[in-house]
Amino acid sequence: MSSTPILEVSGLNKSFGPVQVLHDVHLSVHAGQVTALVGDNGAGKSTLIKCVSGIHGIDSGTIHFDEEQVRIASPRDAANLGIEVVYQDLALCDNLDIVQNMFLGREKRSGLVLDEPTMEQLAAETLETLAVRTVKSLRQHVSSLSGGQRQTVAIAKAVLWNSKVVILDEPTAALGVAQTAQVLELVRRLADNGLAVVLISHNLNDVFAVSDRIAALYLGQMVAEMETAEVTNTQVVELITSGSSGDLGLPRADSSTEYGLNGAQL
Ligand SMILES: Nc1ncnc2c1ncn2[C@@H]1O[C@H](COP(=O)(O)OP(=O)(O)OP(=O)(O)O)[C@@H](O)[C@H]1O
């Protein structure tokens, strides 16, 4: 377990017009660990992730990657650092096969033609590294895959590019029990292989099953970052719903400032 975060966000503020959505947010993410990012609807989880992945610019604050301050102005900047996001809609193309999806937009070429053998080999190696053996053929169209298999392909696509930080947005939201278990096993394996994983989830069973640390956002403020083993389900529910947990001895996030449900300062 490394002590220096691979990714550290400090003092991040982000507004949309007059509405401030993120207030002085801190987040640290470590290699080899699953960090669960929790918070109620509208707490700011997606906005924070979009700031880190170059979709939104930030108003103020710093982002350090591998101990160096970085500016992430576009998704390409994030990808170049090794930050990949797997969104809920997965952005897979149903009419393409697994290999085509994994290399979509970043195809390998041999001269003027696509280098299919190399892409197929790299895709197979990545799935093998992740111990994914449930897909029958790499040339299967994605439309024929189950929800869990689709999630697996989307995750494999994200880790294909020597990524160091993989952010998963509700990866089990649309899955049944057995497929959820498979995807959670995969999430754990990613971290065990040395990746830093950020898991956005509303499902505290999932969070407690796979995460090493929990970061809790409440109305755009990071109210706690803690070791999963040191908190209970009830304490995390309290943090998500009220921004504090008396048991943890944590004060309510900046008690001098009150925020409305849309993040606007009251
Ligand atoms: N592009 C935008 N323009 C204006 N307001 C926005 C924009 N994106 C997000 N917001 C607002 O920012 C706040 C935080 O939204 P965000 O989507 O980050 O929350 P979340 O924690 O991811 O919620 P959920 O769990 O429902 O996905 C919400 O009040 C939302 O309406």
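**Ground rules.** I am working from a predicted model, in which local features need pLDDT of at least 70 and side-chain atom pairs count only at pLDDT 80 or more, while totals for chains, interfaces and linings use all residues. Residues are numbered from 1 along each chain as its sequence is written.

**The sheet.** I looked up the strands (DSSP runs of E, at least two residues, numbered from the N terminus) and their pairing, which requires at least two DSSP bridges between two strands. Four strands form an open, antiparallel sheet in the order 2-1-4-5. Strand 2 and strand 5 (68-70) each have a single partner strand, so one side of each is left without a neighbour in the sheet. Neighbouring strands are turned by 30° against each other on average, direction ignored, with axes being lines fitted to C-alpha atoms, for helices over the stretch in contact, and angles running from 0 to 180 degrees between N-to-C directions.

**Strands 4 and 5.** I found three bridges joining strand 4 (residues 60-65) to strand 5, and Ile63 has Val70 in strand 5 as its bridge partner.

**The helix.** Helix 1 (helices are DSSP runs of H or I, at least four residues) packs on the sheet, touching strand 1 (7-16), strand 2 and strand 4, and its direction makes about 65° with that of strand 2. Contact here requires C-beta atoms, placed from the backbone, within 7 Å.

**The ligand.** I then listed the 13 residues that surround the ligand, the closest being Phe16, Asn41, Lys45, Ser46 and Thr47; a residue is near if its C-beta atom, placed from the backbone, lies within 6 Å. Helix 1 supplies the largest share of this shell, three residues.

How values were computed: Contact = placed C-beta atoms within 7 Å.
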